[in-house]
Amino acid sequence: MYYIFDGTYYGWLTCVFEAFERKEFEARPISVNRYIPDMFAVDRTITTSTDKAMRVSKGLAMRLDKKSRMDFYRAFLFEDEAVWQASFYLCIEIFRGNTAILSNYGNDAVLKFSEALHKVSRERHRMKAFVRFQRAADGMFFAVLEPDFNVLPLIITFFRNRYTDQPWIIYDLKRKYGVYWDKIRVTEVQLNEGDSTAMMQSSTVVSLDTQEEYYTNLWQQYFKSTNIKARRNMKLHMRHVPKRYWKYLPEKQFGNIKS
Amino acid sequence: MDRLEEKLKILADAAKYDVSCSSSGSKRKNVGGIGDASSSGICHTYTEDGRCVSLLKILLTNHCIYDCAFCVSRKSNDIQRAAFTVEEVVKLTMNFYRRNYIEGLFLSSGIFKNADYTMERLLKIVKKLRLEERYNGYIHLKTIPGASDEMIREAGLYVDRMSINLEMPTEKGLQLMAPEKDHESVKKPLHFINQEIQSLKQESKLIKHKPSFVPAGQSTQMVIGATPENDFEIMSVADTFYKDYNLKRVYYSGYIPIQNDHSLLPQIGSKPPLVRENRLYQTDWLLRFYGFQLDEILNPTFQHLDLEIDPKLSWALRNPHVFPVDINTADYKMIIRIPGVGRQSALKIIQARKFGRLHEYQVKKMGIAFNRARHFMRCADSPFQLGYTSMEAVRAKIVQKNPAKAAIVNSSQLNLFS
């Protein structure tokens with residue numbers, strides 16, 4: 001039995017609620033945009049309900065500490081059916097009274113869940129590190145990223161606390177949404193197709209601060225000068241900074257570097 | 001090239017031999033300005049040598065009155081000299097920080113005129129950042145040997161970490177390379193700052209808002225392979241410094257040849273001792289996080305670390321009587337001593353075994369290096385071993401299974417912290 005939900009966390013929580021309501025504990029939650037109808041399978045469309053989702057969330061809060069409860073949200077951001085399935089199963093076990101299950105690392109679902117958490121956490125940490133702001137002419141600092149998982153919600157607090165006195169936008173190009181800090185509050189923003197392409201090729205369309213290129217240049221110079229050639233180890237370098245992240249790292253754009 | 005860019009090139013190049021780039025250990029909050037310190041530290045990028053870039057690491061100047069043979073900025077070396085102004089350092093730091101290039105500033109300097117004069121300049125930069133720019137990001141400041149206590153104490157109120165380098169592991173080694181220097185001038189400020197930190201800790205129990213003083217603690221660095229100290233001597237010094245001065249870190253920096261004029265130093269072209277450096281770091285970790293005592297790993301009869309295998313495995317092979325460890329009954333302290341089992345996996349084992357005896361297939365998935373660990377642990381379904389496998393045979397099996405590592409030892413290419 002497939003439970004087709006809208007792809008939101010509240011939708012996923014609603015699936016858990018419905019499973020108990022209908023005693024369909026073998027259900028497999030899958031988001032509507034990933035679901036390929038299967039003629040042999042039965043499916044049910046789950047309508048997201050804030051009330052039902054909140055009841056599940058509160059139920060988890062009564063049974064788990066804050067960290068473990070948040071872990072379900074973090075694992076959800078991994079955006080993978082198998083992980084959604086594993087956390088769905090764990091959630092059901094917890095509501096059935098098996099609240100200690102999350103520390104049973106001998107269990108396959110627990111391992112799947114904890115691996116997903118590990119990967120999400122690593123990606124979140126990477127995004128704290130690899131976000132590179134560019135300063136636009138109007139003083140706005142903007143950054144574009146394409147994280148493997150949907151970690152943008154997990155880094156907002158970090159950037160808000162750190163860059164409090166400057167306005168910034170961080171935009172996830174893969175998932176087509178971003179967050180905007182105006183020095184007072186954070187809001188979610190969505191750009192139309194044209195604007196987001198413009199952001200990616202920022203220097204050509206968005207008008208940059210006149211000093212921007214100067215500091216990019218200085219940073220590239222620093223990156224080069226702080227390297228020790230006698231210790232060259234590209235394998236290690238690539239492991240720490242995988243190629244898929246290079247696109248948005250100015251220090252890895254060697255086109256205009258001077259020696 | 002723009003003049004500032006030229007200075008950055010020279011003064012970053014001169015600072016890069018200081019390997020410390022850690023930005024961890026401080027919890028400085030953003031109080032109405034910009035920046036904070038992430039207590040776990042963040043590496044914003046990695047250079048092609050695989051080292052982390054967390055801080056903007058620069059010298060204020062590479063002019064220096066000293067002539068230490070191992071140092072690229074020594075007085076007699078014929079190189080380009082430069083000096084930043086206070087404003088330039090502040091401008092670079094703020095503009096890099098605002099773009100999220102860096103976690104903060106690592107500021108060191110050659111000694112010009114005298115220690116206090118140099119320290120005063122460094123202090124000026126730090127104060128300008130904190131007070132005028134309202135910058136709350138990380139600052140790692142070098143303590144200048146010989147600077148006055150007052151100056152050091154004031155600096156400690158604004159920075160997150162301070163460090164001062166031992167340079168050579170022993171006094172004798174230092175005498176060979178830098179006759180003008182001695183370890184005493186390093187110990188004195190280390191001791192002074194440690195005392196200030198400790199006394200503040202005592203007081204903070206009594207007062208509510210304690211001033212922050214070097215919240216991320218102190219560190220030091222030793223150059224490895226320039227002078228003939230062996231691993232036992234090196235680690236003994238490190239062990240003592242950890243204990244005497246509550247250091248957060250001791251860094252080991254494999255010597256990279258920079259000159260051919262000194263007959264005792266390795267010549268240009270000889271490879272830096274990267275594998276040895278890695279083994280020293282592994283030993284350091286065993287001492288700090290794995291409950292090992294130094295004499296278990298290195299002692300007067302065993303003075304050199306095995307380059308081919310890691311120090312924990314080496315210890316295990318020398319102590320067959322404590323193995324195999326039964327992971328279903330042993331306590332945490334013993335489980336982390338199994339080669340190939342780390343602290344995280346050990347914690348998982350401890351938690352998971354409450355649900356039933358653990359089998360090999362389960363433990364395998366908990367992130368352990370099974371190829372190494374299998375020889376030293378027993379799971380619920382491990383076959384009972386008849387007879388006795390010699391530790392030489394175990395060693396041969398492990399090394400054979402991992403020929404890549406052996407190749408690394410020979411080519412001196414390696415993955416640090418892997």
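1. In this predicted model, the domain assignment divides chain B into domain 1, covering 3–297, and domain 2, covering 317–411. The centres of domain 1 of chain B and domain 2 of chain B, taken over C-alpha atoms, are separated by 37 Å.

2. To the contact between these two domains, domain 1 of chain B gives four residues, while domain 2 of chain B gives six residues. On the side of domain 1 of chain B that touches domain 2 of chain B, three residues are nonpolar and one is polar, with no charged residue there.

3. Turning to chain A, the secondary structure comprises 10 helices and eight strands, and the C-alpha atoms of chain A fill a box of roughly 65 × 45 × 40 Å along the principal axes. Of the 259 residues in chain A, 37% count as buried. Among contacts in chain A with a separation of 6 or more, 68% are between residues 24 or more positions apart.

4. Between the two chains, 41 residues of chain A are in contact with 46 residues of chain B. On the side of chain A that touches chain B, the elements giving two or more residues are α5 (108–130), α6 (152–162), α9 (212–225) and α10 (234–240) of chain A, and the largest share, eight residues, comes from α9(A).

Technical notes
Residues numbered from 1 in each chain as written. Chains lettered and ligands numbered in written order. Predicted model: local features only at pLDDT ≥ 70, side-chain atom pairs only at ≥ 80, totals over all residues. Helix = DSSP H or I, 4+ residues; strand = E, 2+ residues; numbered from the N terminus. Buried ≥ 20, exposed ≤ 12 C-beta atoms within 10 Å, placed from the backbone. Contact = placed C-beta atoms within 7 Å. Domains from an automatic or database assignment. Nonpolar A, V, L, I, M, F, W, Y, C, P; charged D, E, K, R; others polar.
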